[in-house]
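Here is a short report on a metal site and on helix packing. Please view the model alongside the text.

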Amino acid sequence: MIERRHALIPPAPGTQRELLSLHYGPTGTGRKAVIQASLHADEVPGLLVAHHLRRRLAELEAHEALRGEVVLVPFANPIGLSQRVLQAFEGRFELTSGENFNRHYADLVPRAADLLEPGLRAGAVASVATVREALRDACVALPATNELESLRRALLALAIDAEVVLDLHSDNEAVLHLYTATQLWADIEPLARLMGSRTVLVADRSGDDPFDEACSMVWPRLAEELTKRLNRPITLPHACVAVTVELRGEHDVDHALAAADAEALIQYLAWRGLVDGAPAQLPALACEPTPLAGSIPVVAPHGGVLVFLRELGDTLRRGEPLVEVVNPLDGVATVLASPTDGVFYARESRRFVPAGTRIAKVAGREAVRSGKLLSD
Ligand SMILES: [Zn+2]
């Protein structure tokens, strides 16, 4: 294993944070997977999964069972977990800019297209290897003037030439679910089976460029751009399968769950041929993918105490009572119904909320929303 430290831009003289990446297995095979934990720094389950992965990857490396490089970023956000406000962690938004740590990843398409265009005009073929090289170079050329931009650039540089990117997150309270690109479903289905995912939310543009989309969608978007520039069809494969794995809720942190999740991730890499010992058979699929645009939030119409009437993972019909918001001052208890037919997959972890809070999410089959599809 090789340990690499990536220095971030110091926000002030005398301060310096760094990103740590652990590199297992052989390099130079053209095969690479990246697993990163807790880009939203206060989403802790991924940190424990990374702890288990570290041991498993060391074992696999010792047994020469890795067929490509596996990069583990055991803590993807050194800025976030050092942010505290009145004793509470703030790991989702950078306090300086207010920006979400999992948004605004760079669009490498223009720069990579600039790098590839002359060769393609001269008759070269856009191979996966040459495109990856262009993406790496485009990433190195990204401007970064502050600590957050340098973190985003360092994370993207680690993952941009990988064929698998697994970004480990968690929700407030939730069943295990995945976010990925619609066109990647066939590649993600084995992961959904292995992890027992209860919901898979798909979109090709969910808005504000989260990390997984920046890594995977750059391939079809680059093909589109090159086709436009060269005025002939340029096809590229989906050479990066990237997925956001929501490891249930923020308090679902225990060794049994984390060890099983780590094993499922390893099995997925094995299924793809990156690790020896592929499972002979995959578990049954627990859900079909549904559009992210069909995931409907339930919003509190007034402040109050939350009393959930249904359990996470329940399949609901539209109009079925889901949650009650109780105002202790006026005695009003508003019952809110499921906004769609679908799986009740995530909910607020606090039990007293202000008006306007998104308190529950139900994954329906019909795409009814548009614009920015992710929550803030
Ligand atoms: Zn997250």
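This is a predicted model: local features need pLDDT of at least 70, side-chain atom pairs count only at pLDDT 80 or more; totals for chains, interfaces and linings use all residues.

## Zinc site and helix packing

The zinc ion takes its protein donors from His40 (ND1), Glu43 (OE), Glu43 (OE) and His169 (ND1), at 2.0 to 2.5 Å. Donors here are N, O and S atoms within 2.8 Å of the metal (3.2 Å for Na, K and Ca); water is not among the atoms, so sites may look incomplete. Along the chain the donors of the zinc ion are spaced H-x2-E-x125-H. Glutamate 43 sits in the loop between strand 3 (32-37) and helix 1, and histidine 169 in strand 7 (residues 164-171), so this pair ties together parts 126 residues apart in sequence. The angles among the four donor atoms run from 55 to 144°, and the site of the zinc ion is irregular.

Residues are numbered from 1 along each chain as its sequence is written, and side-chain values use heavy atoms, with hydrogens and water left out.

Now the helix pairs. Helices (H or I, at least four residues) and strands (E, at least two) are DSSP runs, numbered from the N terminus. Axes are lines fitted to C-alpha atoms, for helices over the stretch in contact, and angles run from 0 to 180 degrees between N-to-C directions.

| Pair | Axis angle | Axis distance |
|---|---|---|
| Helix 1 (residues 45-62) and helix 8 (residues 255-271) | about 50° | 8 Å |
| Helix 5 (residues 185-195) and helix 8 | roughly 150° | within 9 Å |
| Helix 2 (residues 109-121) and helix 7 (residues 218-230) | about 50° | 10 Å |

Helix 5 is therefore roughly antiparallel to helix 8. Helix 1 and helix 8 are oblique to each other. Helix 2 and helix 7 are also oblique. Angles under 35 degrees count as roughly parallel, over 145 as roughly antiparallel, 65 to 115 as roughly perpendicular and the rest as oblique.

Which residues make the contact between helix 5 and helix 8? Helix 5 brings Asp187, Ile188, Pro190, Leu191, Leu194 and Met195, and helix 8 brings Asp261, Ala264, Leu265, Gln267, Tyr268 and Trp271. Contact means heavy atoms within 4.5 Å. By class, this contact of helix 5 with helix 8 has nine nonpolar, one polar and two charged residues. Ala, Val, Leu, Ile, Met, Phe, Trp, Tyr, Cys and Pro count as nonpolar, Asp, Glu, Lys and Arg as charged, and the others, Gly among them, as polar.

Definitions and conventions: Four donors count as tetrahedral if all angles lie between 85 and 135 degrees; four count as square planar and six as octahedral if opposite donors are over 155 degrees apart and all others between 65 and 115; anything else is irregular.
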